[in-house]
Amino acid sequence: MKNKYYILPTIIGTTLALGLILGRQLANIYIPKPPPPLPVVIADTIPQSPYMEKLGKLMDYIEEDYVDKVNADSIVDLTINSILRKLDPHSTYIAKNNIQEVAETMSGKFVGVGISFYVYRDTIAVIKTIEDSDAQKKGIRFGDRILMAGKDTLYKKHLSTEKIKNILKGEMESRVDLTIYRKNKDSIFTVPIQRKFIPIKSVDCYYKVNDTLGYIRMNRFAETTTEEFTNALKALDKEGINSLILDLRNNSGGFFNVGIQIADEFLRKNKMIVFTKNNRKETEETYATDGGLFENRPVFVLVNENSASASEIVAGALQDNDRGVIVGRRTFGKGLVQSEMPLPDGSAVRLTTARYYTPTGRSIQKPYAYVQQRRSVPIDNATVPDSLKFKTPKGKIVYGGGGIYPDVFVPIDMKPESYLVNELLSSGLTSFFLFEYLDKHPALNNKPYKNYFINEYKIPKEMLTAFAKFLRDRRISINFAKNGKDITKHLKANLGEIWFNENVAGMIRNQGDLYIEECLHYLKPPKHTSTTKKKHKKNY
């Protein structure tokens, strides 16, 4: 496919609004199409829309006659976003100053010094260095304060995080001298750092759950995702796995074609992956190619209410081809494809240009009125209208109406306290507590051996006591006696991320995970009873 398709639920766009505002500049906006190329149209031959003329005239009046000075760009941005909201929930405008950050996120890399940091008491405090970065090789460590980057002073300047990032980023292989204050030695020194490509990993965790079952977590579908995924899968293959869990929970999507590439690794040649329809009722079908890495072995796909777009392409393709088991809760329900289109001032829009459908013909897009609804409940087959029931080649009933409904449903714990604890522990508050705690107690910042940490390390009572006080000081009340297991697990996982990497943190977080437990249960040989055989009918 020649176009790049994007299906992020939150970062999506359109050219319509700016065209309406800028009027005569519409002729300069070119939407590339697949070959053969469209002929270039001379601007003078495009008739002026009365709507564009009206809005253009309004802008002229505002700029020339309004009583106060106004920022025309901000008015244009507001108008664009207002118009886009009338189209659908997923078309959106990307301002010029956000283009680079969005592009870096989806490219899977950026050029920088290779550190994660907090802005702490108006200084730049290092949390950790990125693996293989020059900062790691030069010995920058947890707790170091960055006082200066070249001639730019970074402390006591009240700089925003965005401003600091822009200072630390730069051209590939450019040099910047970082002035460091190391607290435990009360010393100041300078470290020359060469900026390099820093990966933004989309496959941030993979490991063996047991001797034969592998696990891969994917947080988005970026340019580097297919390569990251195949590398992780090949590494697990070398360790002897024969089944796989692909975790797409909280994966909100990314590139349309990358979702197709991931699904292709699990499907045999000529199996349909997805088809799309545009406003001209043109249909484009996409089929699997030969040589997928995991075509014939059991696979489980974990999803929840925050799994969207490209995640739903993968889950829908596997489910509709009787390939694998979808475990979790009904997915978000975003079945629209966006195309990014550049605008003359350097901004862009992501405009919905097609709907996509799973191989059985299901539209995954939920009604716009329910776009904010995330709660998932079990389906009662008897209450679902026949128009929303579809059959796979092997006769399994799958459901339309928005999102992918799983084969194995995992309910969410809706008890208020459990919900509060989960939200709190996922908010980043535990990471900030650990930073402060280790910064104040450097003697405790002593990394053990990795295997010991994963299998035997226990959170010290002193740390739990300090965390309880940390929460009380912020007027957050949690029953530690009741929720101690979840609290210690999250603290240990965040500690694993600081001391080791996200892979170790993921292994800790997944201990006792109900989704993974369902996969393990599904893999167990069923007892030979009619009830069990029906429950464990396997469609790998």
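Mentor: Angles under 35 degrees count as roughly parallel, over 145 as roughly antiparallel, 65 to 115 as roughly perpendicular, and the rest as oblique. This is a predicted model, where local features need pLDDT of at least 70, side-chain atom pairs count only at pLDDT 80 or more, and totals for chains, interfaces and linings use all residues. Residues are numbered from 1 along each chain as its sequence is written, and side-chain values use heavy atoms, with hydrogens and water left out.

Trainee: How do the axes of H13 and H14 cross?
Mentor: The axes of helix H13 (residues 461–473) and helix H14 (residues 480–499) come within 11 Å and cross at roughly 105°. H13 and H14 are therefore roughly perpendicular to each other. Axes here are lines fitted to C-alpha atoms, for helices over the stretch in contact, with angles running from 0 to 180 degrees between N-to-C directions. Helices (H or I, at least four residues) and strands (E, at least two) are DSSP runs, numbered from the N terminus.

Trainee: Which residues meet there?
Mentor: On the H13 side they include Phe-467 and Leu-471, and on the H14 side Ile-487 and Leu-491 are among them. Contact means heavy atoms within 4.5 Å.

Trainee: Is Asp-122 buried or exposed?
Mentor: Asp-122 is buried, because its relative accessible area is 18%; buried means under 20%, exposed over 50%, and partly exposed in between (1.4 Å probe, protein chains only).

Trainee: And what about the phi of Asn-250?
Mentor: Asn-250 also has a positive phi, about 60°, and is not a glycine. Asn-250 sits in the loop between strand E13 (243–247) and helix H8 (256–264). At 48% relative accessibility, Asn-250 counts as partly exposed.

Trainee: Where is Val-67?
Mentor: In the loop between helix H2 (50–65) and helix H3 (72–87). Val-67 is exposed, with a relative accessible area of 71%.

Trainee: Last one: what does the whole chain look like in numbers?
Mentor: The protein chain has 17 helices and 22 strands. Of its 540 residues, 48% count as buried. Among contacts between residues at least 6 apart in sequence, 72% join residues at least 24 apart.
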